[in-house]
Amino acid sequence: MSVRSPKFEVRGRWLGFSAFQKRNTQYAIRITLLILIPILILIPSIAHAQGGADPNRPTNEQCLVCHEEPGLSMVLPSNEVLPLSIDPGILARSAHGPDASEEVRCVDCHNDLNGYPHPPFPDVDFRTWQLKMSLVCGNCHEDQAVDRQDSVHARLIAAGKFEAASCSDCHGSHDVFWVDAEKHEVDRMDQVDACAQCHRTIADQYKLSVHGQEALKGNPDVPVCSNCHPAHKIQDPRSAEFRLKSPELCAECHADEELMAKYDISTDVFDTYVADFHGTTVQIFESVEPGVYTNKAVCSDCHGAHRILPPTSVNSSVMSANLVKTCQRCHPDANENFTKSWLGHYRPDWEKYPIVTAVQWFYYLVIPITLGFFTIFVGTDIFRTLKNKLARSQKPVDAGDDASEGGEDNA
Amino acid sequence: MRERMREFVRFGPIERLEHLFLLISFTTLAITGLVQAFPENNISLTIIRLLGGIENTRTLHHISAIVLVLLSIFHIFYVGYKIYVLKRPLSMLPGLKDVRDAVDLLRYNLGLRRRPPEMDRYNFGEKIEYWAVVWGTLVMGFTGYMLWNPVFTTRFLPGEFIPAAKMAHRYEAILAVLSILIWHVWHVHIKHFNKSIFTGRITLEEMEEEHALELKRIQSGEWPPPLPPAAERWRRAMLYVPLAGLMALFMLLTTYYVFTEQTAITTVPPAPVEKAYLPAKPPGLPTATPAPEMAMEIPKQRVLYAPEPMPISSHPVDEAWAECSACHAPYGYIHPAPLDHADYEASACTTCHPFAKEVSQR
């Protein structure tokens, strides 16, 4: 009786989840990477060897002579309108503005527009051109560009899903914003908003969560999107690898005693999870079969992924009154009793779980007593057997019953 | 000397087969179970890998468990048959003599007694082992049932029994394996390799050492006690076999029913219902959008603003001619620039109005 939702299966299919397709995609990505990485590394180093950027290339002022004009735009062959006006104020405030560590000129990115008249605009639609323009980011930001090659967004684009995010979708283009929160005052919610451009539903869910609510208040301790889905390297959260690794992801904060002490949250959650059936299995899968899906629950299956509510909230999926429903998602025949078989991330003690603790103490007593009894017997038996053998080997061998017993008597 | 070589029949073929099944199922259960009890251990992970993953390991554990349960059911009725139909004495039952034997053997081992105690068909060590297996199989069987079928179990028992069963299953397993390693391995493998459970035969020497009392009773003709007459055996079997068969069938059906619980869905838990991709605006629009109403007025397929390149061909552009606005300023005398060029810097002129040669080269 499969409860697997058809939607999930369909979504799995278009991403190429079947083992064969997945392997092919991986090979394709690896080969692409093999070719791309040396190129990405070589091009800037060659450019550098030749003395860096040409100091005589057109300055921003020269470009802005025309492009400062508001309302400039052109119509692309695809009938889309391409705006051509640039607000110099936006450029100046951007991370590529006067405060940048190296001077960035318009033509450094628009390297096909060196001079006027500009060459004819390529016969592509806006998005294709935007994706093409995103490639130039890697000329300076090599590490991020290489990281991005393996991301879920890059894979989707490679598979023809052009709406998947590219550099400028998150960072902005002319208004590219500062990301270094330590040096510049960056609101962490900006990052959530960047993701929300495409993942609006999830962002809305997140803002309702205990993490999102705190992030909205400016709390720096709670995770925003990129803490769990690292930018650039962002993995497909539906992949087996991500699923198996996800408990460790949560544990990064939730096993951190200093951090959790601030909010009076137990740091046992990861250890108690791993000690139980679900966690043990997931851990074994991660070590033995990291690419294989397991139906054993990970954190997010019970707590939710984005709309995580505190267990005290009435709407929380792990609130005791809602627990049956949560368990039934995987255990359709579960009843109220069944939910109590999960110790709720507590270590068993006399007060909370007397039966478990009684069993534990029963064996804490029985095991040493039994094994102690066995060891005493076997130990003395070993001693006696060796002694008898020694006595027998020292005496001349005679066959009679009495002789052998006599040897034992000597001991 | 010839007398010494005499052998006695100790175990029949059924006992030997029972032991073989127990040996195989116990060892498999121990290996596939301990690797789950200590999953962080590298040896465990290697064994799991060799067995083809944790799901395979668990299937193997479950199959061995079924073998052991079937064996146990068989054993119950086989012992019942031997007691009721064949009228065999209850030689495995522990008694006071076993306590005395244990104390005596300990004293002998410590040198406080000259001779080892004389022991009957099953000495106290063998009885300990047999009853330990009975106890262990009961505990492991029932707790294993509960762990395998938690939904079924919690219909009757509080949920806390499941983690309690897990605790018991784990510690009982450790106890059983260590007991076997200490007690069994020492007595029948190291002290001397007792092959009687495989061959069915035991030598006179072994009998003297381990079952001296039994040997005496055999030699006096007192053991084994005679079988009841054939007619009585037949009468008893006619009563016992159908009854036992029915009970065995009932036990097998219960086992089947409980072993086939569907505890959980077999797929990955359903994904969250929220849609992952739902853009706030249609994809493909640039981040810095100019006034949209301006853009909407643009007639299609027409470039609104593209300054016509005006090549400079009538004079060279060198320092003498550098100040373009001297002649070409708006309201200038020669080719005046448009009004909106008023605040343009002189150096910017050639950006749009290149020198004639450059134009021809393009």
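**Figure 1. Helices α15(A) and α18(A) are oblique to each other**. In this predicted model, helix α15 (residues 240-254) and helix α18 (residues 277-288) of chain A pack at an angle of about 120°, their axes lying 9 Å apart. Axes are lines fitted to C-alpha atoms, for helices over the stretch in contact, and angles run from 0 to 180 degrees between N-to-C directions. Angles under 35 degrees count as roughly parallel, over 145 as roughly antiparallel, 65 to 115 as roughly perpendicular and the rest as oblique.

**Figure 2. Residues at the contact of α15(A) with α18(A)**. From α15(A) come A:L244, A:K245 and A:P247, while α18(A) supplies A:G279, A:V282, A:F285 and A:E286. Two residues are in contact if their C-beta atoms, placed from the backbone, lie within 7 Å. Four of the contact residues are nonpolar, one is polar and two are charged (Ala, Val, Leu, Ile, Met, Phe, Trp, Tyr, Cys and Pro count as nonpolar, Asp, Glu, Lys and Arg as charged, and the others, Gly among them, as polar).

**Figure 3. Domains 3 and 4 of chain A**. Domain 3 covers 240-347 and domain 4 covers 358-410, with bounds from an automatic or database domain assignment. Their centres, taken over C-alpha atoms, are 51 Å apart. Chain A has 23 helices and two strands, which are DSSP runs (helices: H or I, at least four residues; strands: E, at least two) numbered from the N terminus.

**Notes.** Residues are numbered from 1 along each chain as its sequence is written, and chains are lettered from A in the order in which they are written. Local features need pLDDT of at least 70, side-chain atom pairs count only at pLDDT 80 or more, and totals for chains, interfaces and linings use all residues.
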